[in-house]
Every structure is written in structure tokens, then in C-alpha cells.
Amino acid sequence: MGAQQWIAMVVLCATFFQLCRAVDSSADDKLLSLPGQPRVSFQQYAGYVTVDKSQNRALFFYFVEAETDPASKPLVLWLNGGPGCSSVGAGAFSEHGPFRPSDGGSLVRNDYSWNKEANMLYLESPAGVGFSYSANQSFYDLVNDTITAQDNFVFLQNWFLKFPEYKNRDLFIAGESYAGHYVPQLADLIVKSGIKFNLKGVALGNPLLEFSTDFNSKGDFYWSHGLISNPTYELLNAVCNTSQLWRERIGGSSLSASCSKVSDQIDAEIPGAIDPYDVTANVCLSSGASLLGAQNNPLTPRSRLFSSAESLQEVLSQQKAQENIDLCVQEETFVYLNRKDVQESFHVKLVGTQQWTLCSSVVQYDLRNLEIPTIDVVGSLVNSGIRVLVYRYMNQPYIFPCQPSLETVNGNNKNLNTVEIRIRSSHLRGVGLWWKAWQNNWD
């Protein structure tokens with residue numbers, strides 16, 4: 001064979017190889033194994049999807065196929081709230097992913113992982129959250145719901161190019177807290193776009209749906225759980241309620257004299273060492289307040305933090321030995337996701353940041369968006385034939401207690417068939433759960 005024929009053969013093979021990579025680019029994102037991971041049979045993927053080429057903006061995802069028969073299982077996109085908190089750190093590694101970190105540096109199986117029933121796609125959004133990034137860092141100066149929804153929409157379109165076998169799979173979008181904005185707004189974009197995503201339903205856990213209703217519930221919760229005194233409760237009702245207090249806080253200016261008095265009184269009575277997701281639970285005695293990076297987010301995941309002279313690793317080990325459940329899972333997640341070998345396995349690019357944090361310290365989210373009601377968007381989705389599930393845990397959370405969801409959705413379910421059930425499940429360790437689902441023409 002002559003030199004020219006060899007050259008032609010090489011070019012042909014190289015072209016074929018590039019075409020194969022373009023069609024099956026998900027192979028680049030496949031994980032052989034995570035450090036410290038037990039052996040499993042399901043496939044895992046992690047990597048980036050570009051949502052704006054001109055700005056070099058890309059969102060990071062962690063995709064876990066279902067444990068058994070993934071080809072027959074639906075696809076669930078999970079979004080944590082914040083705004084600006086990590087779906088990988090909170091959703092995947094602290095809540096319902098297949099693994100949880102341990103204080104020894106290894107991963108342990110989560111018996112209640114959602115990938116027992118679905119293919120789980122965890123998305124870090126917007127850019128600047130977790131491992132997601134924008135090379136043009138001016139993007140971080142003002143991010144809002146519109147930008148986040150649009151980037152999430154572009155992400156899904158481009159993710160399906162990587163994983164075309166999931167394009168026609170039943171799709172569900174789920175999330176918690178500020179995902180009461182993220183999820184309905186993304187679903188609404190999908191419905192209005194006319195692009196076939198095969199969206200079947202959305203699920204909203206402890207969601208922010210209507211600002212005043214959701215935030216005002218905090219005052220009743222504080223008082224009914226003995227966290228504040230009768231005089232302070234009367235101040236909340238007569239002088240400055242909790243929605244007004246938050247409205248002034250996110251407005252950027254100083255608090256009014258009346259709200260400042262109420263705020264000082266609440267701060268004096270409610271201890272700082274409390275888990276906002278379960279006010280009756282013990283807390284993780286860690287020295288990692290600055291490490292979690294969760295302080296500036298109004299709807300942040302739990303951060304159970306104290307000041308301590310001991311090292312983070314020492315405290316985690318000591319407390320785990322005294323608890324039946326792992327109170328320090330988010331602190332352990334911080335340690336695990338900042339290991340170099342873990343980031344290499346995840347195909348991570350640290351752009352404009354030195355470390356992973358639970359909630360972003362660089363994204364300047366427009367907190368005025370908290371006041372945008374999304375309950376009407378939820379109603380529009382139902383009228384479009386999309387099933388909606390709203391659920392709230394009843395294990396004493398004061399971030400958003402159970403009652404406001406019931407009030408909000410009960411006022412917006414006209415002409416809709418509804419189902420309301422209270423669940424007690426060993427999967428929730430005895431915790432109660434109210435959920436309500438809507439669909440037109442329920443069958």
C-alpha cells in the first residue's frame with residue numbers, strides 16, 4: 001500500500017472515530033468508579049453541558065442510571081434550591097442519591113436512593129453553583145429566575161444530544177425549597193416551546209410558591225414550637241410579620257425600626273445552634289461554618305454548625321459514634337467533593353473558584369425574585385396535562401412548614417381533581433408526610 005493510501009486510510013479512520021465520539025459523546029462522561037465507592041452494577045456519568053458557547057458557560061451534572069432495568073425506568077431531573085445551592089452535594093450525596101460519604105473517606109450505599117425506581121439526573125444550576133461555571137465571571141453579577149430557567153432548558157436540549165436514548169423516556173422534574181421556582185418555570189418553558197421532551201409531571205418538596213403565605217407561616221411555627229415567647233409572637237403579628245421582615249432584608253437597605261426590633265427579639269430567643277429542617281433534632285458539632293459556604297442563602301439547606309477548636313474530621317468521627325443517624329452528612333460531603341481524586345473522577349473543571357461549596361458565594365442572585373408567585377405557573381401546568389405533586393415533610397421544619405402549602409394549593413385547585421393523603425413510612429424513619437397531587441381528568 002502506497003504512502004497516499006496510508007494517509008487516506010488514517011484520515012478516514014480519524015474521521016470515523018470523531019463521528020462516533022460525536023454520536024456517543026456520553027462515553028466521555030462515564031465514571032468507572034468513584035473513590036471509596038462500593039461495587040455497584042448501575043452506570044454513572046458526570047460532566048458538563050455547554051449552555052452558552054459565546055460566554056463559555058457550562059452546567060455540571062451527575063447522572064445515575066436506575067439500579068435495575070434502566071431502559072424501562074423514567075428520567076428524573078433533580079434541582080435543589082437556595083437559590084444557588086448544589087444539587088450534587090445536597091440532593092445526590094446528602095439526600096436521595098445512591099451513596100453517602102462517611103467520615104472515613106469512603107462512600108456507603110443509601111438504602112433509600114431514588115435510583116432504585118428512576119434514572120436520576122442531578123443538575124448544578126445556575127452557573128457558579130457547585131462545579132458549574134461561567135468563564136465570563138461578570139455573569140455572576142446578577143442572575144435571576146429567567147436566566148436560570150433558560151439555561152436549564154438549553155441544558156436539557158443539549159444533554160439529550162449526549163444521551164439520545166433518553167429523549168423519548170418519561171421525564172419528571174423534581175426539586176425542593178427554591179426549586180418551587182426553578183421546577184415550574186422550567187416545565188413551563190418546555191410546555192410552551194413545543195419541543196417534545198415527553199414531560200409527564202413535576203414534584204415540589206417544601207417549595208416556595210407564594211412569598212407572603214410561605215414566609216408568614218414561620219411566625220406561627222416559631223411560637224407553636226416554643227421557640228419564641230408570647231410577647232415576641234404578638235410583635236410578629238402586630239408590628240412586623242416574617243414576610244415583611246424578609247422583604248426588607250432582601251431589599252438591600254437597612255431594616256425599619258419596627259422590623260429591626262422584631263428581628264433582634266427573635267435572634268435573642270431562637271438559638272443559633274438549631275437545625276432549621278428539624279428543630280427537635282441534634283445538630284452536627286462542626287467547625288466548618290466557613291467551609292460550607294451556606295450563610296448568605298435565604299433558603300439554604302441545613303447547616304448545623306458550631307465553633308470548635310477541634311478539626312472537622314475529629315468532630316465528625318466523635319459525633320457519628322454517638323448518633324444512630326449521620327447528622328454530619330453535609331460536612332462529610334464537603335470534605336469528599338473537595339478531594340482531588342474525587343474531582344478527577346467527576347471530570348471537574350474548577351473555573352474561577354478554588355473549591356466546591358454547598359451554596360455559591362459568587363452568584364449574586366436577584367432575591368427580589370423570591371416575591372414572584374409561581375402557584376399560577378403550577379396551575380397552568382396542570383391545565384396543560386402535566387401532573388403535579390406538592391409534598392412537605394412534617395418533621396418540624398421551620399424553613400417552610402407544612403401549613404402554607406396546604407393553604408396555597410387549596411386556594412388554587414378550582415376545577416381540578418385532587419388527591420390528598422397522609423403517609424407514614426419507614427423510609428422516612430417514622431416522619432409524617434402530607435402530599436397533594438393534581439391532574440385534570442384524573443384517572
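## A right-handed link

What is the handedness of the link of Cys-85 and Cys-359 about the S-S bond? It's right-handed, with 100 degrees about that bond. The S to S distance in this disulfide is 1.9 Å; the term covers a pair of cysteine sulfur atoms within 2.5 Å. Cys-85 sits in the loop between strand E4 (75-79) and helix H2 (87-96), while Cys-359 lies 274 residues away in the loop between helix H12 (340-345) and helix H13 (375-383). Helices (H or I, at least four residues) and strands (E, at least two) are DSSP runs, numbered from the N terminus.

## What you're looking at

This is a predicted model: local features need pLDDT of at least 70, side-chain atom pairs count only at pLDDT 80 or more, and totals for chains, interfaces and linings use all residues. Numbering starts from 1 along each chain as its sequence is written, and side-chain values use heavy atoms, leaving out hydrogens and water.

## The other disulfide

The count comes to 2 disulfides. Cys-240 and Cys-259 form one, with sulfur atoms 1.9 Å apart, and their link is right-handed too, at 90 degrees. Cys-240 is in the loop between H6 and H7, and Cys-259 belongs to helix H8.

## Two sides of H8

In H8, Cys-259, Val-262, Ser-263 and Ile-266 are buried (under 20% relative accessible area; exposed is over 50%, partly exposed in between, with a 1.4 Å probe and protein chains only). They cover an arc of only 100 degrees around the axis, so they share the same side of H8; the arc is taken from the directions from the helix axis to the C-beta atoms. The face turned away carries exposed Ala-257, Lys-261, Asp-264 and Ala-268.
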